[in-house]
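Please look over the sequence and the model shown here before reading on. The paragraphs below then lead through selected parts of the structure in chain order.

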Amino acid sequence: MKSLRSNKRILPTHHIVLKQVLRETRFGQFTLAFLVAFFACSVVVWLTGDSGETFFDGIWFSFQVVSTIGFGDVVTTHIVARIIAMVLSIISIFYLAIITGVVVSFFNQSIRARQRNTIENYITRLEYLRGKVPSQSSERIGEIIEKLQRLEGMTKEELDELSEELSE
């Protein structure tokens, strides 16, 4: 059987879906805000350090706060640095939740795109079959195609009815 469709892909590639999810969730803006808070905390710890901490020590301290590791090898006793660390801790909780949401959204949209691709391929095969059968069967196939094209808006009863029709 010859190809029913050109090589045009219906299913968007994963990087297109990822770009769409990142744009819709404004993940770049949240990441920028998080990085500003992270480096601000690092600078404050570095500048308020009592025992000669380096800028990298400030970054290490911020990493421990964000990851909740808290090794304790770099600590701060300055009240401003502690307040900034508390704020960074709260911000990091929200940021990690946003990352989880972005990942879930990516996979949900990928699954939806794959489902649309499957339905469109099925419709294409039905259209091909429609041209090869008698007119009465062709009309029936046309009705099924119309229902498949509005599949997402169907009620449960309509879906059950379509399922029964397709299994006959």
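What follows is a guided account of several helices, the loops between them and some individual residues.

The model is a predicted one. Arg 26 is not a glycine, yet its phi is positive, at about 55 degrees. Its relative accessible area is 53%, and because exposed means over 50%, Arg 26 is classed as exposed.

Helix H2 covers residues 27-48, and Thr 48 belongs to this helix. Is Thr 48 buried or exposed? Its relative accessibility is 18%; the limit for a buried residue is under 20%, so Thr 48 counts as buried. The side chain of Thr 48 reaches the backbone oxygen of Val 44 at 2.6 Å. When neighbours within four places in sequence are left aside, Thr 48 is in contact with Thr 76, His 78 and Ala 81.

Helix H3 comes next in this account and comprises residues 55-67. Its 13 residues reach 18 Å from the first C-alpha to the last, close to the 18 Å expected at 1.5 Å a residue. The buried residues of H3 are Gly 58, Ile 59, Phe 61, Ser 62, Gln 64, Val 65 and Val 66. In an α-helix there are 3.6 residues a turn, so residues three or four places apart point the same way. The cover over the buried residues of H3 includes H2 and H4.

H3 is followed by Thr 68, which is placed in the loop between H3 and H4. Thr 68 is a residue other than glycine with a positive phi, near 60 degrees. With a relative accessible area of 66%, Thr 68 is exposed.

Helix H4 spans residues 79-130 and contains Arg 116. Arg 116 is partly exposed, at a relative accessible area of 38%. Tyr 95 is 21 residues from Arg 116 along the chain, and the C-alpha atoms of the two are separated by 31 Å.

The account ends with a pair of helices. How do two packed helices come to be described? The description uses the angle between their axes and the distance between the axes. Helix H5 (residues 135-149) packs with helix H6 (residues 156-167) at an angle of about 145 degrees, and their axes are 11 Å apart. The crossing in which H5 passes H6 is left-handed. On the H5 side the contact is made by Arg 140, Ile 144, Lys 147 and Leu 148, and on the H6 side by Glu 161, Leu 162, Glu 165 and Leu 166. By class, this contact has four nonpolar, four charged and no polar residues.

Notes
Residues are numbered from 1 along each chain as its sequence is written. This is a predicted model: local features need pLDDT of at least 70, side-chain atom pairs count only at pLDDT 80 or more; totals for chains, interfaces and linings use all residues. Side-chain values use heavy atoms; hydrogens and water are left out. Axes are lines fitted to C-alpha atoms, for helices over the stretch in contact, and angles run from 0 to 180 degrees between N-to-C directions. Helices (H or I, at least four residues) and strands (E, at least two) are DSSP runs, numbered from the N terminus. A crossing is left-handed if the near helix is turned anticlockwise from the far one by less than a right angle, and right-handed if clockwise. Contact means heavy atoms within 4.5 Å. Ala, Val, Leu, Ile, Met, Phe, Trp, Tyr, Cys and Pro count as nonpolar, Asp, Glu, Lys and Arg as charged, and the others, Gly among them, as polar. Buried means under 20% relative accessible area, exposed over 50%, partly exposed in between (1.4 Å probe, protein chains only). A polar contact is a pair of N or O atoms within 3.5 Å; within protein, one must be able to donate a hydrogen and the other to accept it, and residues adjacent in sequence count only if both atoms are side-chain atoms. The expected span of a helix is 1.5 Å times one less than its number of residues.
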